[in-house]
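Some notes on the helices of this model follow. Please read them with the structure open.

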Amino acid sequence: MSDTRRRVKVYTLNEDRQWDDRGTGHVSSTYVERLKGISLLVRAESDGSLLLESKISPNTAYQKQQDTLIVWSEAENYDLALSFQEKAGCDEIWEKICQVQGKDPSLEITQDPIDESEEERFEEMPETSHLVELPACELARLEEIADLVTSVLSSPIRREKLALALMSEGYIKKLLQLFRTCEDQDNREGLHHLYEIVRGVLFLNKATLFEVMFSDDCIMDVVGCLEYDPALVQPKRHREFLTKTAKFKEVIPITDSELRQKIHQTYRVQYIQDIILPTPSVFEENFLSTLTSFIFFNKVEIVSMLQEDEKFLTEVFAQLTDEATEDGKRRELVNFFKEFCAFSQTLQPQNRDAFFKTLANLGILPALEIIMGMDDLQVRAAATDIFSYLVEFSPSMVREFVMQEPQQADDDDVLLINLVIKQMICDSDPELGGAVQLMGLLRTLIDPENMLAPTNKTEKTEFLSFFYKYCMHVLTAPLLANTAEERKDLPEETTKVNPVCPDNFQTAQLLALILELLTFCVEHHTYHIKNYIMNKDLLRRVLVLMNSKHTFLALCALRFMRRIIGLKDEYYNRYIIKGNLFEPVINALLDNGTRYNLLNSAIIELFEFIKVEDIKSLIAHIVDNFYKALESIEYVQTFKGLKGRYEQEKDRQSRGLSRYRRDARSLEDDEEMWFNEDEDEDEAEAAVEKRVDEEFPETYGKYMGTKKGILCSLPSFSFLCPTGLVGLVDYPDDEDEDDEEEEDEEEDMSPRKRPRLGS
């Protein structure tokens, strides 16, 4: 019995004025030698560790709230609270605190929170002036009462004394009786005074007063008083809204009367704080801190009570997933879960973990899969909010579920992630607010940084393979569809311009979101996204968007290419060269003319990066194909610098200063190692490419194309050289000859494409 009575939760108030749960344990009061005094000790019920050791200081102000809370401050910005499971335990510890401080346990606070100047004035006052005398609770004296309540708000000691006086005389209920009288008589002056009185009493910030004011028999009269703001021509109809408009819907009947009462009370108090009371000024922002705490602890209690009722939650899930459930009923069930998850955000991390694990065990993800496929927009929006809570809680849990789906479903369209992608694509909001939220969730799910490599090495590989096999085509469908049309009136050797169709603002926003996600993939999914880009010739399609009339979309396309080039991967470089993919970028630069804008700066930065990083293959391609179009741009030295780099490299080669020599036997060893080494797929590929790139830059594409041959199947270009190794061993006598052969082969494989000049 003593264990239950003394079971407590320890809370501390953080910088955002929110209570953080420090754990659950059992409290005791005992003498601690080290602290030289009686102290409060809380030991964790899980492992017996010490959660709290706090000396009961004679000068600390302890406050008892709601019969089961004790709150105090140990430093200027360090507030503590003990939340007791039972009132008896709270009373027992409260008596001990009062005994140490020599205070009367019937008081709700042991010290007066007074500042220095207040304390000096307090000492000068005669003893009789400590009390606040309340005028008689009569209609004729309402103005006097209002003036008194307003005047004490600036003085902590007088606020405390007024609160004690209001409690001791049952004054609140008498005031609310006067309110009913004034309203019956339509006494507007009296109602305006009562507004000031009730607002002032709320700003006293006392939990004991809140318990009276927010009880079932008083709260609607308190709301009624707050309707008669003197600043308003006509009173607000808050009571009408709470009693007639706002309906309490029980998706499953709640049999616990205490829980029902707590839900009603919390909703109404939240309404008072958020809707009725004006936003507090900077001088008043701490006046309602106890009201915030009152709502917080109510929500914690509601979630805990619902979570512990297994029968209730089981019934909710059964109806949610039952095909026979009517759409209207299912909508109510989804909205319930949305509110339930929102309330759970008041829980501390360990409690929240237990909450979401309970939902997962009951089958929340299969249920979401059903309701996200429904036509009802409200239901889908609520389901998206629930899904966001789950992804934020545990991306791995969601990934584990979605990877099991293809085994159970034949149609890719019904997969949960594809439903999320389609909802993003089909967002009807002109500003795409829902799509932005969903894009953030997708990025969280595909982010390798939160994949649990230490405990599950295969999660990254398995999930990314799943995503690119079953989901990537759904994500890129709008992009491919809007860059598909080609002009038929151009000769084959001329670059075909793919117009963006349609080019409306909402479509452009959607394509920008998709490109943002693909850019993220380029940075984080080196192997999978590389295969996808090359197999789909994706960069060519993306660069079509450089023609868009929406500059932000053109910048997104450019950013995608910039990320690819930023990897300095010779595979990508060869792909860009063979596809002549700089042409859309250079055309955009020339079409931009002399305008000094973000597009101009971003394109120049791309070429500046290539110059600074000395990416030889790209420099040679740009100078060979586009320098005539670019040499007139002299307001930056970027293009002249590229030409300089190009000339330096040609001079170096002509002097036979190549440093890249290896004998044939060493090369064969490298080839053998490349095929046999058992590394992670992406790490092995990166290591081999880097080594060959560094040692054989001039012949890299030919070597890799000959050995692997995998790039032959690409739809728009071919990397494959004539049979045999070309120019792998570097002899001084035939270096120039090799260079000429290489240039000739490049000419044969890809017709040079000339840029158009901007007017």
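1. How many residues has helix 26, and what length does helix 26 reach from its first C-alpha to its last? Helix 26 (residues 551-566) has 16 residues and reaches 22 Å, close to the expected 22 Å. Helices here are DSSP runs of H or I of at least four residues, numbered from the N terminus, and the expected span is 1.5 Å times one less than the number of residues.

2. This is a predicted model, in which local features need pLDDT of at least 70, side-chain atom pairs count only at pLDDT 80 or more, and totals for chains, interfaces and linings use all residues. Residues are numbered from 1 along each chain as its sequence is written, and side-chain values use heavy atoms, with hydrogens and water left out.

3. Buried residues of helix 26 include Leu553, Leu555, Phe560, Met561 and Arg562 (buried: under 20% relative accessible area, 1.4 Å probe, protein chains only). Just after helix 26, Lys568 has a positive phi of about 55°.

4. Gln509 lies in helix 23 (residues 505-524). Gln509 counts as buried because its relative accessibility is 17%. Beyond neighbours within four places in sequence, Gln509 contacts Pro430, Glu431, Leu432 and Phe552 (contact: heavy atoms within 4.5 Å).

5. The axes of helix 21 (residues 458-470) and helix 24 (residues 526-536) come within 10 Å and cross at roughly 20°, so helix 21 is roughly parallel to helix 24 (roughly parallel: under 35 degrees). The contact joins Thr461, Leu464, Ser465 and Tyr468 of helix 21 to His528, Ile529 and Tyr532 of helix 24.

Conventions. Helices (H or I, at least four residues) and strands (E, at least two) are DSSP runs, numbered from the N terminus. Buried means under 20% relative accessible area, exposed over 50%, partly exposed in between (1.4 Å probe, protein chains only). Axes are lines fitted to C-alpha atoms, for helices over the stretch in contact, and angles run from 0 to 180 degrees between N-to-C directions. Angles under 35 degrees count as roughly parallel, over 145 as roughly antiparallel, 65 to 115 as roughly perpendicular and the rest as oblique.
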